[in-house]
Amino acid sequence: PKSSQVSVVSYNDKAEYLGGANWHRASDQAGLKKILQELDTIVPSGPTNLHKGLLKVKSLTPRISNLYVITDGLPTTGQSRYAGLNPFSSCYSLLGRSNTISGACRAKLFRQTIIDTSSGFNSRVNVILLPLEGDPEASPNYWEWTAATGGLLISPAGDWP
């Protein structure tokens, strides 16, 4: 609807609003065009810190009613304090002793991120999970999160345009 607002947050090791502002009205064609132009310049690189992305979204006022997350898998990094939590004692990349993160550690990191960022966050979560080979835990973890909020998980086929 023309009265709705949109905010787009890009995240990897940092999180930032696209389009030069945190909110854009649906009727603001110039603002939406700027978001799309900035989206076209994004090249995925570096770690994926979902925690930072969700904190950026949580800082929006007024609060959002629907969250759409577009991702290709589980996070690969999180907040530094995770290294001190017992479930992460075998996650050597979070402890600074490895450059790679296992699938099991990514799943633990995802679940802890949702726990840490969900307080006061009452919006419906929808996820578009792009195909990524080698991340079998992504789909069930994102499905659980979206289902708990009344949202949807969409995972297009690998040959989808």
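Predicted model: local features only at pLDDT ≥ 70, side-chain atom pairs only at ≥ 80, totals over all residues.
User: Where does Gly 78 lie?

Analyst: Gly 78 sits in the loop between β5 and α3. The names come from DSSP runs numbered from the N terminus: helices are runs of H or I with at least four residues, strands are runs of E with at least two. Residues are numbered from 1 along each chain as its sequence is written, and side-chain values use heavy atoms, with hydrogens and water left out.

User: Why is Gly 78 called buried?

Analyst: Buried means under 20% relative accessible area, exposed means over 50%, and partly exposed is in between, using a 1.4 Å probe and protein chains only. Gly 78 comes in at 15%, so it counts as buried.

User: What does Gly 78 touch?

Analyst: Setting aside neighbours within four places in sequence, Gly 78 is in contact (heavy atoms within 4.5 Å) with Asn 49, Leu 94 and Leu 109. Phe 121 is 43 residues from Gly 78 in sequence, and 19 Å away in space, C-alpha to C-alpha.

User: Is Phe 121 buried or exposed, and what makes it so?

Analyst: Its relative accessible area is 15%, so Phe 121 is buried. Phe 121 lies in the loop between α3 and β6 (124-129). Beyond four places in sequence, Phe 121 is in contact with Val 57, Lys 58, Ile 64 and Leu 67.

User: Which class does Ser 90 fall in, and why?

Analyst: Ser 90 has a relative accessible area of 40%, so it is partly exposed. Like Gly 78, Ser 90 is found in the loop between β5 and α3. It touches Cys 105 and Lys 108, not counting residues up to four places away in sequence. The C-alpha atoms of Ser 90 and Cys 105 are 8.0 Å apart.

User: How do you know that Cys 91 and Cys 105 form a disulfide?

Analyst: The test is a pair of cysteine sulfur atoms within 2.5 Å. For Cys 91 and Cys 105 the S to S distance is 2.1 Å, and the structure holds one disulfide. In general, a disulfide is a covalent bond between the sulfur atoms of two cysteines.

User: What parts does this pair tie together?

Analyst: Cys 91 is in the loop between β5 and α3 (103-117), while Cys 105 is in helix α3, so the pair ties together parts that are 14 residues apart in sequence. Both Cys 91 and Cys 105 are buried.

User: Why is the disulfide called left-handed?

Analyst: The torsion about the S-S bond of Cys 91 and Cys 105 is about -100 degrees, so the label is left-handed.

User: What makes Arg 106 count as buried?

Analyst: Arg 106 has 13% relative accessibility, so it counts as buried. Arg 106 belongs to helix α3. Leaving out residues up to four places away, Arg 106 touches Gly 73, Leu 74, Pro 75, Thr 76, Ile 101 and Asp 135.

User: And why does Ser 10 count as buried?

Analyst: Ser 10 shows a relative accessible area of 18%, so the label is again buried. You'll find Ser 10 in strand β2 (residues 9-11). Its contacts, apart from residues up to four places away in sequence, are Ala 15, Glu 16, Leu 18 and Ile 42.

User: What is the peptide bond between Thr 61 and Pro 62 called?

Analyst: It is a cis bond, with omega about 0 degrees. Most peptide bonds are trans. Pro 62 is in the loop between α2 (50-58) and β5 (66-71).

User: How many helices and strands are there in the protein?

Analyst: There are four helices and seven strands, running β-β-β-β-α-α-β-α-β-α-β from the N terminus.

User: How do you know that the radius of gyration agrees with a compact globule?

Analyst: The radius is taken over C-alpha atoms, and the globule rule is 2.2 Å times the number of residues to the power 0.38. For 161 residues a compact globule would be near 15 Å, and the protein has 16 Å, which agrees. Of the 161 residues, 34% count as buried.
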